[in-house]
Every structure is written in C-alpha cells, then in structure tokens.
Amino acid sequence: MTGGRRVGAARKAARPKPAVPAPAASLADKLARLGLASEWDFLLHLPLRYEDQTRITPVAGLPPGAEAQTEGVIERCEVAYRGRRQLLATLRDDAGDRLLLRFLHFYPSTQKQVAAGRRVRVYGSVRVGLLGAEMVHPRVHPAGPGVALPQGLTPVYPASAGVSQALLRKRIAQALLNVDITDTLPPPLRARWRLPELAPSLHGLHHPPPDADQAALSEHRHPLWQRVKFDELLAQQLSLRMARRERAGRRAPALAATGDLVARLLTALPFALTAAQQRVWREIEADLAQDRPAHRLVQGDVGSGKTVIAALAAARAIEAGQQAALMAPTEILAEQHFRKIEQWLAPLGVRIAWLAGKLKPGDKRAAQAAVADGGAQLVVGTHALIQDKVSFARLALAIVDEQHRFGVAQRLRLRAGAGGVQPHLLMLSATPIPRTLAMSYLADLDVSTIDELPPGRTPVQTKLVAAARRHEVIERLRGEVAQGRQAYWVCPLVEDSELIDSPVPLTAAAPMFEATRALVPELRWGLLHGQLPAADKAAVMRQFAEGAIDVLVATTVIEVGVDVPNASLMVIEHAQRFGLAQLHQLRGRVGRGSAVSFCVLLFDEPLSAAARERLKVIYGTTDGFEVARRDLAIRGPGEFLGSRQSGVPLLRFANLEEDAPVVERAREAAEWLLREQPAVAAAHVARWMHGRDALLDA
C-alpha cells in the first residue's frame, strides 16, 4: 500500500501544472498598441474611410454591390444550419419589401438586436442571393420615433481587437472637446500655401458634413487632408534638420591628409577610380577634414565600387593616427570586405583585425586586445564589433555596410564605442534611394551617389521562364559551365519542411542540390545556406571563388557582397516570391566579369497581380534607381526602409509619390521656421513626434 501511495504521489507530482493564463491586456494597453495615449494621439487618429448613415434607402432601391442604409421591422429571426451555423433575420420596410440579414458569427447580444418585432436601421454592403437582396454582417442600430439620423458622415477608424469603433468615436469626440487646438503654423505660412487652419481641418476630417466628397476624403485628396499632410511632413523635416544641427555642435577628430597612405593606396590599386568614385571620395574627404562628425550615406547600385571608397576613408583615418571600423550584417559579407581590403592595405603596412562570432576564444581575445591597445588600425567584422568586451583605443571612423539591416541601437552603439570621442559615421547601401525618399527620410544625412559602373561590366540579360521549362534552364547551365563559367541557383528555403504559406510547393535548396546534382552529375556542385556552420559557409564560398565549384545552390545568403567575376548565370527559383530589391541584388551577383551574363527568373503559374508587376519591373530595367522607385511605389516607405529597425518615424498620412510637391513645401517651411521662429518649430515637432526624433541620430 505504502509503495502504491508513493507511486501515486510521484505521478501526481509529475503531472504538469496547468498553464496560468496571461492576464488580459488592459484597455490602456490595447489603445497603446494603436499608438493612442495622449489626447493629441486621439486627435491625429484619423479615419480610414466614411459611411453615409445620414439617409434611408428603401429596400427596393438598395444598390447591389454598394453600401447603403435601410430601416424596417424584423419579421423573423432564427438560427439556421445551412452548411454552417448562422443567424438569419428578415427585415420588412414600410413599403413591404424584405431584406435578409445574415450573421455567420454572432452572440446572444446580436440575437437581441434583431429579435422579431424590433424596428432597426441596418447599414452594410448589399448583394443579391438566392433568397433575394441580403446584407452579411450589417451594422445594426435601434430605430423608431425620436431616434434621429446622424448629421454627418460616420468615420471608420483603424482599430484592433478589444478596441471598438464606438469606443474610438467616443474618445476622439472627447478629445475634440477637451483640446485647445492651437495652430503651430504662423499665418504667413498658411497664407503662402493656402492651407486651412488646423482646428477646422481636424474637426472636418473626424466629422465631415453629409455633402462632403467621400472619395476625396478616403483617398486623402481633400483640402482638409492637405493641411494634415503638410503638418506631418513639416514635423519630419524639422526633426531631421534639428538632429543635423545638434550633431553639428559635437566634436570629432579632424582627419585631414597627414600622410601618404591614401596616395599609396590609389597608386597600388589594380584599377583606376571611375569619375563617380572620385567625386564621392572628394565629398568624403571634405567631411572627414572637419572637426564635427560626418554623417554620410554612400549609395550605389550593385557592383558600383563602394568597398574601395570605404578602404580610402579607412586609410585617411589611419594615416591621421586613428582607428577605423567596418561592420557588415553577415559573416559572408564581412569576410568579403576583410579579404578585399586586406589585399589592398596589408601590403602598405596597415594592421587589420578580423572580429566575428565564429572566431576561436583565443583568437577573439587577441583581436579584442589589439583593438583596445590600438595595435589594430582597422577592424572589420560583424555584430561582434559592438559586444561589451570590444573597446576601441581611438576610433575616429565607423563604417556600416548595408546599414538598414542593423537596428538603431546597434548603429548607435558602434558610434558610441569610442571612449567618449564622437567618430565620423559613413554608411554604405547597395539599395538606391529614390529622390522623394531621400528628400523626406534622409534630410539629416549627406548623401553621395556612385552612379557609374566600373568599365568592363556587362549588362545582365534577364529572362522570365515558367517553371515547366526547367529542363531548358538546365541545358543553359550545362552550356555556361562548358565555356568555363560558373552559376548560382537560388532557392527560397533550406529544407522542404520549412513552413511557408504558398499555393505551390516550394523548391528548397538542400533537396534541390541533391536532385539536380544526380541529374547533372558531371558538374561540380556546392550548397550554401544560413544554417551551415560559419566555417563551412566560408569554405564553400572560398571553393566557389577559386573555381572549384561549378554551380552554387544557395539561399539568399549570397544576396549582397559576394563577388565572383567568373559567375555568368543566376537562376532564381520561385522568383515571384522575392521582393524587387532582393531580385535586383541577386541579379547583381553576376555580370561582374567580361562575359555576357544571364539572370533566369523561374516563376510558377498562375501569377498574382502583384507578382506579375514585380517581375515586369525587374525584366524591364537593370537601373537600380528605377527598380528602387518602383519598389517604393509598390511597397511604401515603411517596408522599403525597414521601419522596424530604421528608427525613423514613418509617414502615416502623406504619400511620397503623390505628395512630392508637399515635401518640397515642407522643406522650405522647415528652413524658414528654424530661422525665424525656432520655438514654434520645437512645439510643432513635440506635437507630432513624441520623442521619436531621438532615434534620428542613428
């Protein structure tokens, strides 16, 4: 018995305790997720669209396919089982015509709303079903004597679970009553741009009259919207300029030419700089010679030669007796930079350290020590550069490649890791920035553009091929290798087991590598993906670069930085699943030598409208700036810049493509306000930014 009790007790103890449900989020938390905390947040929580509930349309006049409102008495209400459980109610209007109300998801409160005998108003989209006119999930309101119709259009706000339209309307109405909406725009500015005052603009957007142009309101074309867009863009321009002005008050080491390292590097390079590279280098030289921190972005299309610009900037810091650091987002890209720059600078006596997570503990400690005592003049690496154990002796220049791939805190940390001295910051990007985006989001940056490819680069020919014609692609692959060339074959996944919602089965790199290698055994195949150990990835890339691998099957780890001039064919599986920027970057891995190169986009049918548009763009142009402009139009600035990590407050109301003239006006107004009325400028930024402008320093 005793033993039995012990076993029972052990089993009881072994039973997992029931999970304690997480406490329900408070209303304040739910509102905070929508960005709603202060009264001004509610005032600026503007409608997505409007509903016209100011009029009653008889059932016989309800327009199919459109939204409308009608009124009548509920004749019958029942729960039916027609394929699924649903609530069906029949409304009869005063003319005797009937409308079916269908609720697929409902609660007891819904049944009370449409109980037989009740007089109600219903608003919704009208459709014609088997039983005549019907509305699915209409808005239901009580009706009858004394229940007046709304006097204006009904706003529909961005909402989330637990935050109803009724609650939002109530809180926003309170804010409109409670807040003294002072106008931060001086009368001369309003008059110049013919802008309405702010208070009537906000009241009008939240409660437009029934005769307002609904289409213009919903599409943000209405004059009331122009005022809000202007204020938003003005706040952004002001915050960017204020960040630039604040930085100008800091001090950095002036890196004027004090030695001959830059001159010796230029002489030793096996190529001459293009005119665009020379122009960009002159701009950076002028920056580095100042005693205030440089904050410059160097953008250039794939293969335009940004690495040599980074090497020249590092050489300038080193010949001035200071340290430089170059941080890249992946070990493959960081190692590419390290090997290329080491090849240029090491023969000139420069001591270069390599710092990455894959280093053995002893090697890592040695590299960290060289950084700390100044023995390493240039440090190249990944996120390992910003670990707590890394301390620079005299960092004067921080170079961040593909800066949009790093979080704001990471970029700030590298810049702050200089023992109190503010280093110059040089950022590199292979994603060209459209002019409207640069005007709006990069106004606090100096931007240099390498808009010329080195001589000898051949334009890549892009081919669109349906997946059913894969055998033709394999024949092209054989032909390229037979001529001594190499190829990439990019897949979206590593393994078949990866869960990605897709209407067609996706080809994964690992099984594709095995299957195609068996099909074409005479070729030498390699496999590269992010799940490989760092040492294995480096070994595969080295073999491919040295020509020991004919075809490299890979995921998008080869998207940036990989430079193998002998590779002349890029095949991209399921090309319709990739974004424009990714497709352009992958295409840029070929065409780096003298041979004619090809990029084959293997796509699955049928194509969605968005996928068709992306493939049409990438097929039609190799101009990175045009690709970026179209990418911006398709995705919007949030996705284009990476809003989660950019730290730059993104626009909620203005559209960069449509509102470029407003951006120009906001820039001009920002300069005038900062010069003539700085206190007003600060108040305007505080109203719109809520402290988010602090992140602009990254």
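What percentage of the contacts in the protein chain with a separation of 6 or more is accounted for by residues 24 or more positions apart? Residues 24 or more positions apart account for 76% of those contacts, where contact means heavy atoms within 4.5 Å. The model is predicted, so that local features need pLDDT of at least 70 and side-chain atom pairs count only at pLDDT 80 or more, whereas totals for chains, interfaces and linings use all residues. Residues are numbered from 1 along each chain as its sequence is written, and side-chain values use heavy atoms, with hydrogens and water left out.

The protein chain has 26 helices and 21 strands, these being DSSP runs numbered from the N terminus (helices H or I, at least four residues; strands E, at least two). Of the 698 residues in the protein chain, 51% are buried; buried means under 20% relative accessible area, exposed over 50%, and partly exposed in between, with a 1.4 Å probe and protein chains only.

Axes are lines fitted to C-alpha atoms, for helices over the stretch in contact, and angles run from 0 to 180 degrees between N-to-C directions.

| Helix pair | Angle | Axis distance |
|---|---|---|
| α7 (198-206) and α9 (223-248) | about 120 degrees | 9 Å |
| α11 (275-288) and α12 (306-319) | about 30 degrees | 10 Å |
| α25 (660-676) and α26 (678-689) | roughly 125 degrees | within 5 Å |

Angles under 35 degrees count as roughly parallel, over 145 as roughly antiparallel, 65 to 115 as roughly perpendicular and the rest as oblique. Helices α7 and α9 are therefore oblique to each other, and their crossing is left-handed; a crossing has this hand if the near helix is turned anticlockwise from the far one by less than a right angle, and is right-handed if clockwise. The contact is made by L198, P200, S201, L202, G204 and L205 of α7 together with L224, W225, R227, V228 and D231 of α9. These residues divide into 7 nonpolar, 2 polar and 2 charged, where Ala, Val, Leu, Ile, Met, Phe, Trp, Tyr, Cys and Pro count as nonpolar, Asp, Glu, Lys and Arg as charged, and the others, Gly among them, as polar.

From α11, the residues Q277, V280, W281, I284, E285 and L288 take part in the contact, and from α12 V308, I309, L312, A313 and R316. By class, this contact has 8 nonpolar, 1 polar and 2 charged residues.

The axes of α25 and α26 cross at roughly 125 degrees, which makes α25 oblique to α26. In this pair L673, L674, R675 and E676 of α25 meet P678, V680 and A681 of α26, a contact with 5 nonpolar, no polar and 2 charged residues.

P423 is found in the loop between α15 (408-416) and β14 (424-429) and counts as buried at 0% relative accessibility; its C-alpha atom is separated by 8.0 Å from that of A294, 129 residues apart along the chain. E331 has its place in helix α13 (residues 331-345) and is buried, with a relative accessible area of 19%. Leaving aside neighbours within four places in sequence, E331 is in contact with W354, A356, G357, K358, T382 and A534.

The structure holds 0 disulfides, a disulfide being a pair of cysteine sulfur atoms within 2.5 Å. C77 is partly exposed, with a relative accessible area of 26%, whereas C491 counts as buried at 0% relative accessibility.
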